[in-house]
Amino acid sequence: MKRFKLILSIVVLLLALSSVGAQDVTTVTMWFGESAFAQCLSDILTEGFNAIDPGVQLEIVPQADTWNTTRTAVVGGGGPDIVRTPGPSFVYEMAQAGLILPLDSFADDLGWRDTFVGWALDLGAVDGQVYSLADEFETLIMYYNKTLFEANGWTPPETTEELIALAEEVEAAGIIPFSHGNADWRPTNEWFVGEFMTQIAGPDNVYKALSGEIPWTDESLVEAVETLDMMMQRGWFGGGIDLYFTNTFDTNLATLGSGEAAMNIEGTWRFSNINDYFGEAANNNNEWDWVTVPSKTGADLFTIGMGNTSSINASTPHPQAAAAFLDYYFSPAVQTQLLGSCGKAPAPLHYAEDALDGLDPRVGKAFGDFFAAAADNRYGYTTWTFWPPKSDVYIYEEIERVWLGEISVDDYLSGLDELFGEELMAGDIPPIPPR
Amino acid sequence: MNAHVTRLARRNRKPLRAYLLPALVYCLLIIGVLIVVVPLMWAAAASFTPNHKVFEYAYPFSWRALLPVDFTLEAYDNIFARGFGRSISNTFFLAFATVIIGGAANALAGFAFGRFEFRGKNALFMIIVMLTFLVPVDLTAIPRYILINNFGWINTWQGLLVPGLANSLVIFLFRQFFAEIPQELIDAARVDGASWLRVLWSIVLPISKPVLVAAGLLMFISQWNSFFWPLLVAPRQELRVVQVAISLAVEQHRTRWNELLAGSMIAALVPILLVMPFQRYYVQAITGTGLE
Amino acid sequence: MAIADRIGSSLAAVPDKLADEGWRRRFLRNVFVPWLFIMPLLLIHIFVVAIPAVQGIYLSLTDWTGIRPGNFIGLENYYQLFFEDETFGKALFNNIQWMAFFLTVPFILALFGATMLSQIKRGGMVYRSILFIPYVLASVVTTTIWKNLLNPRKGIGAALADLGIEGFDVAFLGRPDSALLSIAFIDNWHFWGFLMILFLAAMQAIPPVLYDAAKIDGANRWQEFRHVTMPGIRPILLFMFMMVAIWSFLAFDYIWLLTQGGPGGASEVIATQLYKNAFLRFEAGYGAAQGVVISIFAGFIIMIFVMLRRRGWDI
C-alpha cells in the first residue's frame, strides 16, 4: 500500500510538472468524428480560433464512434474539454451526475442570451440551470424527384389527403411512392412516427401529450399512427414492408435519384450528399427539390430536432478557455461560414437577413423557412430530441410490431402511454419549449 | 454370352457410380467455394474502384462487379495519405509487445497451474478464466477506463497494452500443455540442482513450440483485431491502430466504401500470412499432440 | 486428480535427496514458487479484469443509468429480468436457436471441407487461404457485402431471377421468419473457415499408418472417417464445441450490424437487448444484470465440459 502511494504521488508529481511546463499555452480539446465534413469544420475552427489568442489554442481530435467514446471517457473522469452529446436527455443525465458545468454565468457574461433565439437556451436547462448549448438544428422535409414529377404532371402535395391521393397515382404508374428503408439505421422508424403525429394530430396535441395533459391514446394520435400504418401496409414505403427492412440509405437515395421512387421524407442533414444521387454524378438527368411534409390542415409545419449539444467537461482545468471557444463557435459569423463551406446545419442563433445568401437556393430556402417557422410557433417535435429515452426506444422498436401485424395501433399507443407515464413520474423528461 | 453381358454391365456400372459421387461432391464444393469467393472478389474489386462507382455493377448485380473495371488506386492512396502506414506499424509494435510480455506472464502462470500443487489452485484458475467471460466488454469498459485514467495512462502505450495481456484462452492452453509434459524430464533437471525458472527456460520451453506459437498467434490476432478499447483509451492520432483507422471510412451519413474495403483487405492479409504457416501448432497446442 | 497422482507417484520414484526435503523446501515448492510464478499475471488480472468485473457485478445490483451513479436495489434487476421482462425469454430462445445452428452447420461444413481438402495434394494452401479470408475480415465489411448481395431487388437474388432461377429474390433479412437464420448464415460464412483450418491441421497430424491399416482391413470411406479421422480430431472437436457454445451467448456484432434485433424483435438476442438497455434506455444496471446472466450461462457450459472431462472424456 505504501509502495502504491509512493508510485501514485510520483505520477501526480509528474503530471503536475508536465502541466506547469505547458502553462503558457492553454489547449482546449474537442472530439469530432473523422470525415471530410469533420475535417472541413476542424480546419476552419482551428485556424479561426487559434488566431485570436496565441495563449489559448484549440485541438480537435478525430474520434470514430464519438458519442460512445465520449460517454465512457467523461464518466471515467477524462474526455475532451468540450463535451458533445446527441441530445437533451443525455445532457440531463450528465448534468445530474455532475459531469458537466452549469453555463449560466458564462451565458450572462458573454451575452449568449442575446445570441441564441428565445427558447434555445431553455432546451439545455436542467433544474433551472443551463448546461448545454443546442447545435445543428435539423428538421424533416419531403424530398421529391422534380424531373419525375414534371414528366408525369404531378404537383407536390400540401395536405395529407393530397399526399395519399398522389401516392395512389404514383403506385398506379409502377413507381414506388416513398424510397424509405431502415436497414442502416433502425431508428429511421421514429422519423415517420414523430412526423405523422405532428402533421396529422397537430403540434398542439403532441405538446399536450408530452406534458401529460392528454394520453398518447388520444383519438388524434391514433389517427396519425393508423395513417402511417396504412401507408406501410399498402407497400408505399420502399416497395413493401420486407423491402423497407432491407433498404439501405444508399438504396433509398439511389432509387429516388433514378426515378424508381418519387418521394422521400428525410432530414435536412441529407443536403450534405443528396447531390451525389442526382444529375451527372449519378448518370441521370434528374433534379431534386423539397416541400414541407404535408399536414392534415395544409399548414406548413416543421418538426424541430437537435443533432448535437455542446457542454463544458466538469473535469476541465480551464473552463474559462473552454467557454471562450464556445463563444467563438456559437457566433453567427462562424456558424454561417461552417454552413456555407461544409454544409453544417446551423445552431439556433439570430442571423442577419443575408446570412443564407450564396447557398444552393433550395438549401437556403429550407433553413430560412425553418427558422421563420420556429420563430412563428409553426413547429412540432422530433422524437429523438423531445421524447424521454425509454419512450423513444419504444417508439421505433415497437412500431415494427404494428407494421408486422403483431400488435394493434391501440396496443402500441397504450404501451407508450404507460411507459411515458413512468418516465414523466420520475421526472426524466427533456425540457419542452412552451407553446 | 448372357454372363458376359452382365459382367460387362457390372464393370460399366461400377465406374459410373464411382464417378457420380465425386462429381456430386465437386459440384457441392464448387458452389461452396463460389459462395465464399464471389463476395470476396467483389470486395477486392471494389477497393480498386472510385467510391461513387463501388455499387455500380454490384447493384444491380453483374459479372463486372467481380473485376476492377474502373481501376484506380485512389482508395489506397487516400488511406495511406491519412496515416494508415503509421497505424500498421503501431499495431505491429503493440501486438508484438503483447505477445512477448503477455506470453511471459501467461507461460509463468500456466506453468504454476500445470505443474505445482498448492492450496486454492483450481479455484483460482476457475476464477481467472471465468471473470474474463464476464461480458460485456462495453460495460466493464467504464470501470476499467476509470482505473487506467487514475494511472494517467490515457493516450499511452501502457494503456493500450496492459488490458490485452490478460487472455483466458492463452493461460488455458499453457496450463493444459505444461501439465502433459512427462514428470521425468523435470525431475531429472531438479536433481541436477536447476532452479524452477531454469527448468522452465531450458527444459520446458524448448519442447513447447506448439503452445508458444499458438498462444502467440492468439494474442497477436486478438490485438490486431482490437477496436473498442484502443478507440477509447488512445484517441490520439499518433497511437491509432489498424481497426480504428479502417473504421474512420464510415461517416455518419455516408461511407467511403472503397477506403473501408481497401483498409480491410490490408488488415486481413497480416493474420492470414501469420496463421497459414503455423496452423499446425495451433491444433497441436489445443490437443496436446505436439509432444513426441 | 490425475496430475496430482502422477506427481505423487513420480516423486516416490526419485532419489531420497529430493523426497526428503525439509519444511523450508516444501514451503518454497508449495507456496512461494507457484505464487511467484502466478503473480505477474495475477496482478494484471486483478487490475484489468477482476476489479472491473466485480464492479460490473455490483452495478447489476443498482439502478445505475450508465452515466449517473445508481442506488443499491438488491436483486430487483434480476427479479425483473426473470419474472417481468417478457422479451428476455424470447431473446434467450433466439440465443438457443443460434447455438443450435452454430453447433451443427459450421461443424458439418468444416468437417466436409477439411475432409475434401486433406485429399488434395497440390494447391491446398491456396484453397485454404481463400476459405480462411472471411474469418479475418472485419464484421463491418462482411455485413456490408452481404447486405447488398442479399438485396432482393438489386443483389444476387435479382441477378439469378433474371437468369431464370427464381426463389432467391426474397428480402431474407427483412422477414421475421428468416431474419435470424440469414444473419446466422452470414456469420457462418465468416466463421466456418476457421473451424475447417483447425480440423484440417488435426487431420494432417493423424499418422498415415492408421489409414493404411484401415485400408488393409477393407474399410470404406465412411468407416475410415468414423474410426480413424474422428478419433484423431476428437479433442479439438470437443474443445471447439465448448467455445462455440459459449460464443453463442455472446453473439452480438453481426446481429447489431445487420438488423439491430429487428424486424419486430425477430432477431433479438440477450447481447443486443443488453446494449439497448445499457446505452439507449439508460438502464445500465439492468444491462449489467443481463451481462452477469450471460456469464453464468458461460460458466454452466464450462462446468458441463469439466464434468465430462472428469468422466474420462478426452477434451
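**Group meeting: a walk through a three-chain model**

Okay, let's start with chain B, where the domain assignment gives domain 1 (2–72) and domain 2 (75–287); those bounds come from an automatic or database assignment. Before I go on, this is a predicted model: local features need pLDDT of at least 70, side-chain atom pairs count only at pLDDT 80 or more, and totals for chains, interfaces and linings use all residues. Residues are numbered from 1 along each chain as its sequence is written, and chains are lettered from A and ligands numbered from 1 in the order in which they are written.

So how do the two domains of chain B touch? Through 8 residues of domain 1 and 7 residues of domain 2, where contact means C-beta atoms, placed from the backbone, within 7 Å. The domain 1 side has 5 nonpolar, 3 polar and no charged residues. For those classes, Ala, Val, Leu, Ile, Met, Phe, Trp, Tyr, Cys and Pro are nonpolar, Asp, Glu, Lys and Arg are charged, and the others, Gly among them, are polar.

Next, the chains against each other. Between chains C and B, 73 residues of chain C meet 70 residues of chain B. On the chain C side, helix H3 (residues 23–59) gives the most, with 19 residues. Helices here are DSSP runs of H or I with at least four residues, strands are E runs of at least two, and both are numbered from the N terminus. By class, that side of chain C has 57 nonpolar, 13 polar and 3 charged residues. Chain C also touches chain A, with 22 residues from chain C and 21 from chain A. There the chain C side splits into 9 nonpolar, 7 polar and 6 charged residues.

Now, the inside. The largest nonpolar core has 288 residues, and A:Val225, B:Phe174 and C:Phe199 are among those with the most contacts inside it. Such a core is a set of buried Ala, Val, Leu, Ile, Met, Phe, Trp, Tyr and Cys residues joined through C-beta atoms within 7 Å. Buried means 20 or more other C-beta atoms within 10 Å of a residue's own, again placed from the backbone. And what does C:Phe199 touch, leaving aside neighbours within four places in sequence? Its contacts are C:Ala110, C:Leu111, C:Ala114, C:Ile233 and C:Ile236.

Last stop, chain A. Strand S3 (residues 82–85) is covered on both faces, with A:Ile82 and A:Arg84 buried on one side and A:Val83 and A:Thr85 on the other.

Note on methods. Buried ≥ 20, exposed ≤ 12 C-beta atoms within 10 Å, placed from the backbone.
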